[in-house]
Amino acid sequence: MKIAIIGQGYVGQTLSVVAAEAGYKVIGIDSNAELVSNLLRGESFVPGITKETLASLNVKENFLPSTNLELLNDCEIIVIAVPTPIDINRNPDLNYLVAACKSISTYAKLPSLIISESTSYPGTLRNVIKPAIEKYSDIEFQYAVAPERVDPGNEKWNLKNTTRVIAGLTDTATKTAISFYSNFCQNIYRASSPEVAEAAKLLENTFRQVNIALVNEFSNIMSSLDISANEVVEAASSKPFGFMKFLPSIGVGGHCIPVDPEYITYFARSKGISSPLIETANKINFERPTQIIDRIEKYLGFKLIGKRIQIVGIAYKSGVVDIRESPAIELIHKLRNIGASVSWHDPVVKMWLDEKSTLLDPSVDLGLIITPHSEIDLSVWKNSKTTVLDLSATSQNLGWPRIL
Ligand SMILES: NC(=O)c1ccc[n+]([C@@H]2O[C@H](COP(=O)([O-])OP(=O)(O)OC[C@H]3O[C@@H](n4cnc5c(N)ncnc54)[C@H](O)[C@@H]3O)[C@@H](O)[C@H]2O)c1
């Protein structure tokens with residue numbers, strides 16, 4: 001069966017590979033020509049998708065990355081995996097989603113099953129995707145949602161062994177979507193409606209956002225005692241029930257945790273319902289980089305103005321090149337705004353705007369570890385007298401003061 005996946009980022013590529021391995025002929029559509037030609041050359045930025053993976057799929061034969069929308073015409077299943085970010089007012093931006101719908105309505109010619117894996121608020125499939133496609137097409141498509149839960153770089157939980165929540169607008173759509181995912185997902189959860197599935201995805205990430213905000217707030221309180229909330233969390237984690245470990249951090253990043261809760265608060269506002277807990281959690285995590293500067297100054301006993309500072313790791317988490325919403329970037333901006341001279345070292349991200357990753361520098365006034373990718377060798381700092389603080393959200397003890 002020939003299928004198309006619109007959007008070849010973290011989510012779309014991961015699904016393309018797994019579906020092609022399961023025997024589907026996969027067309028991987030992306031509007032980014034450079035990304036497509038990289039994939040055709042066997043190069044991917046997604047952790048776990050190696051040259052060997054792409055070679056074994058026989059790229060072009062079983063997985064054809066392309067910008068050519070005409071290839072949608074005879075696909076029996078079309079999966080949407082485009083970004084659903086927030087706009088400058090932190091409201092949902094569904095422009096990519098609507099553009100993908102327009103492509104489907106213009107180019108798809110079979111009564112295919114349209115599946116959205118993109119995260120959005122409840123009712124998006126029914127009230128945004130379906131009408132956007134039907135606006136330009138008379139074809140009677142089927143519609144389902146199967147929100148992606150992939151955690152790029154996670155070696156234990158992947159697309160195959162993470163239960164997939166699925167629901168269609170009709171019984172036929174649900175059954176066809178379940179039969180598709182059953183070919184490569186070990187467990188399927190059938191939700192009673194697309195709205196339940198869409199809301200479940202938002203609840204999962206809002207749960208993380210709120211709990212991270214809780215430990216971050218706890219970390220502020222613990223600083224008055226000069227103790228690290230990390231140690232408190234470790235101690236609390238010894239309880240085998242009723243507690244789940246979240247680590248304090250300089251904020252949250254990526255395309256999910258800082259973004260998805262904004263989708264649910266937007267939805268709540270549109271229904272005239274207040275959601276103060278989620279809004280406060282968003283605010284706490286959003287303000288974190290500014291608070292951290294105060295915390296660092298208090299701990300070190302001097303102001304950071306005019307100091308030479310190097311940040312280690314600017315990706316939003318270890319092992320990925322993704323810098324979307326990265327709090328490390330926010331911290332760099334804030335430190336530069338107060339007059340510090342900031343360089344950064346990240347051998348995974350390598351480039352950010354027109355700045356290049358710099359070598360680890362033992363002569364800086366302060367080193368800040370934010371995202372310690374496994375590729376990073378910290379021995380230069382270990383073997384020098386550089387003042388270093390560990391601000392990473394990891395249980396690993398890197399050997400420097402952890403002030404969060
Ligand atoms: N990244 C994650 O870990 C993750 C996990 C679960 C769910 N999600 C959700 O999955 C969706 C996709 O996220 P992602 O991280 O894969 O995004 P991404 O930015 O990595 O990839 C999206 C791709 O879609 C392409 N694109 C955008 N509009 C297009 C269009 N109209 N036609 C063709 N291609 C188009 C972009 O060029 C890009 O390559 C989002 O809704 C996100 O919230 C992401």
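**Close-up 1. The crossing of helices α11 and α12 is right-handed in this predicted model.** A crossing counts as right-handed if the near helix is turned clockwise from the far one by less than a right angle, and as left-handed if anticlockwise. Helix α11 covers residues 288-300 and helix α12 covers residues 327-337, and the two pack at an angle of about 55° with their axes 9 Å apart. This angle makes α11 oblique to α12, since angles under 35 degrees count as roughly parallel, over 145 as roughly antiparallel, 65 to 115 as roughly perpendicular and the rest as oblique. P289, T290 and I293 in α11 meet P327, E330, L331, K334 and L335 in α12, where contact means heavy atoms within 4.5 Å.

**Close-up 2. Helix α7 passes α11 in a left-handed crossing.** The axes of α7 (residues 194-223) and α11 come within 12 Å and cross at roughly 15°, which makes α7 roughly parallel to α11. Axes here are lines fitted to C-alpha atoms, for helices over the stretch in contact, and angles run from 0 to 180 degrees between N-to-C directions. On the α7 side N216, S219, N220 and S223 take part, and they meet R288, Q291 and R295 in α11.

**Close-up 3. Helix α2 (residues 33-40) has buried residues L35, V36 and L39.** Buried means under 20% relative accessible area, exposed over 50%, and partly exposed in between, with a 1.4 Å probe and protein chains only. Seen down the axis of α2, these buried residues fall within an arc of 100°, so they line one face of the helix; the arc is that of the directions from the helix axis to the C-beta atoms. They pack against α1 (10-21), α3 (51-56) and β3 (63-66). At the start of α2, a side-chain oxygen of N32 reaches to within 3.0 Å of the backbone nitrogen of E34, while just after the helix G42 takes a positive phi of about 90°.

**Close-up 4. D390 lies in strand β14 (residues 388-390).** Helices (H or I, at least four residues) and strands (E, at least two) are DSSP runs, numbered from the N terminus. D390 counts as buried because its relative accessibility is 1%. Its side chain makes a polar contact with the side chain of S392 (2.6 Å), that is, a pair of N or O atoms within 3.5 Å, one able to donate a hydrogen and the other to accept it; residues adjacent in sequence count only if both atoms are side-chain atoms. Leaving aside neighbours within four places in sequence, D390 is in contact with I369, Q396, L398, W400, P401, R402 and I403.

**Notes.** Residues are numbered from 1 along each chain as its sequence is written, and side-chain values use heavy atoms, leaving out hydrogens and water. Because the model is predicted, local features need pLDDT of at least 70 and side-chain atom pairs count only at pLDDT 80 or more, whereas totals for chains, interfaces and linings use all residues.
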